[in-house]
Every structure is written in C-alpha cells, then in structure tokens.
Amino acid sequence: MHNAPLQFYHSHTYQQALTEVFQLLARDAGIVENPFSSIPRLKKDAETREAFSEEELAIIRDNLDDFTRPLFTIAIATALREGDICTLKWSEIDFKRDLIIKRMRKTGNMVEIPIMPPLRGYLSQLQTDSAEAEYVLPKHAEMYLNNSSGVSYRIKQFLENKCHNLSITIHYF
C-alpha cells in the first residue's frame, strides 16, 4: 500500500459506501449505532484556475513542437480536456456538419462542438497524414490510453523547459 493521500472523490466514495453497508447490515449484525454515520462528510476544496494570458499564449505558440502542437491547437479551438483530445476519434468528427460529437470522458455528457474554419483546415491536414487511423492523434491516444499521466508529464516538461517555466499548476486545458 502506498502513502499517497486519497483524492476527494475516492475518500467521499469510501465513506459513503461504508456508511451504507453498516446501515444495511445493522439489524442482522446486531449493530446498535452505525460507526460511520457520525463522521462528518469531507468538503471539497475549491480549485482556482487561471487562463493563459495573451503573452503566455504567444510564448507557447512560438515554441510548439510535434507533440504539443496538436494538443494546444485542438484545445484552443474546442476547449476539450487533455484526455478528450487524445482520444478523439475520426468517427466523432462530422465534416459535413462541421461538428465534433463526443461523449466526454470525465462527465459522460455528450457534446457537440462546432468546427470553425481554422480547425477544419488543421483536422483535414491531420486526416491526410493519418487517414487509416481510428484516432485523430494516434500516438497521443496510445500514450494516453497506456499511461495518461505521460501526456500530462510531456506538457508540463514543454511548459517548464521550452516556455520559460510557464506553470501548469494554475493553467489547464
């Protein structure tokens, strides 16, 4: 077992499950009082995130490489999260209606995102380069699906090393 702290979601889920299990089994097990019912629920700390400034975006644009260019290009045009960009499939892109129709990995919600002309041109170029692939960004998809933190690590390294220590602790896409 490792000593990393549990994320809020996991802690909350464990606490809720244990409370419900003890509640359901109380009578059969002869439990008078549920030991988990008196534990106060954890409160989730609010996260603050700041958008990149115009100056920071210019630094990023001027330093993009083959790995980061597609991620930032699609992110800026769609506001998709990293995992949704990496796992974007050609079957989720409707060029006839200029829409991306995708189920979001984090929320499970279906979204329809309009494809504006600059993104359409970029996606068309990518499609020419990887016409037979299932994913828009096959190398990114493979990395993300095998080790999602690898993509985040590469972005962090890019921002720290090539973009004059821009921090992703407050910048996300």
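Good morning. I begin with helix α6, whose buried residues are covered by elements that include α3, α4 and α7. Please bear in mind throughout that this is a predicted model.

Which residues of α6 are buried? They are H140, A141 and Y144. These residues span an arc of only 100 degrees around the helix axis, so they lie on the same side of α6. The face turned away from that buried side carries exposed residues, namely K139, E142 and N146.

I turn now to the salt bridges. How many are counted in this model?

K162 and D65 form a salt bridge in which the closest N and O atoms are 3.2 Å apart. K162 belongs to helix α7, residues 148-162, while D65 sits in the loop between α2 (54-63) and α3 (68-78), so this pair ties together parts of the chain that are 97 residues apart in sequence. K162 has a relative accessibility of 40% and therefore counts as partly exposed.

The next pair is K89 and E134, whose side chains meet in a salt bridge with an N to O distance of 3.2 Å. Where do these two residues lie? K89 is in the loop between α4 (82-86) and β1 (93-94), and E134 is in the loop between α5 (117-129) and α6 (138-146). The two are 45 residues apart, and the pair links distant parts of the chain. Are K89 and E134 buried, exposed or partly exposed? K89 is partly exposed, at 25% relative accessibility, and E134 is also partly exposed, with a relative accessible area of 47%.

The last pair I shall present is D98 and R120, where the side chains meet in a salt bridge at 2.6 Å, N to O. D98 lies in the loop between β1 and β2 (99-103), and R120 lies in helix α5, so the pair ties together parts that are 22 residues apart in sequence. D98 counts as partly exposed at 27% relative accessibility, and R120 is partly exposed with a relative accessible area of 29%.

To close, I return to the elements involved. The pair of K162 and D65 ties helix α7 to the loop between α2 and α3, and α7 is also among the elements that cover the buried residues of α6. Thank you.

Methods
Residues numbered from 1 in each chain as written. Predicted model: local features only at pLDDT ≥ 70, side-chain atom pairs only at ≥ 80, totals over all residues. Heavy atoms only, no water. Salt bridge = Lys/Arg side-chain N within 4 Å of Asp/Glu carboxyl O. Helix = DSSP H or I, 4+ residues; strand = E, 2+ residues; numbered from the N terminus. Buried < 20%, exposed > 50% of the residue type's maximum accessible area, 1.4 Å probe, protein only. Arc of directions from axis to C-beta. Contact = heavy atoms within 4.5 Å.
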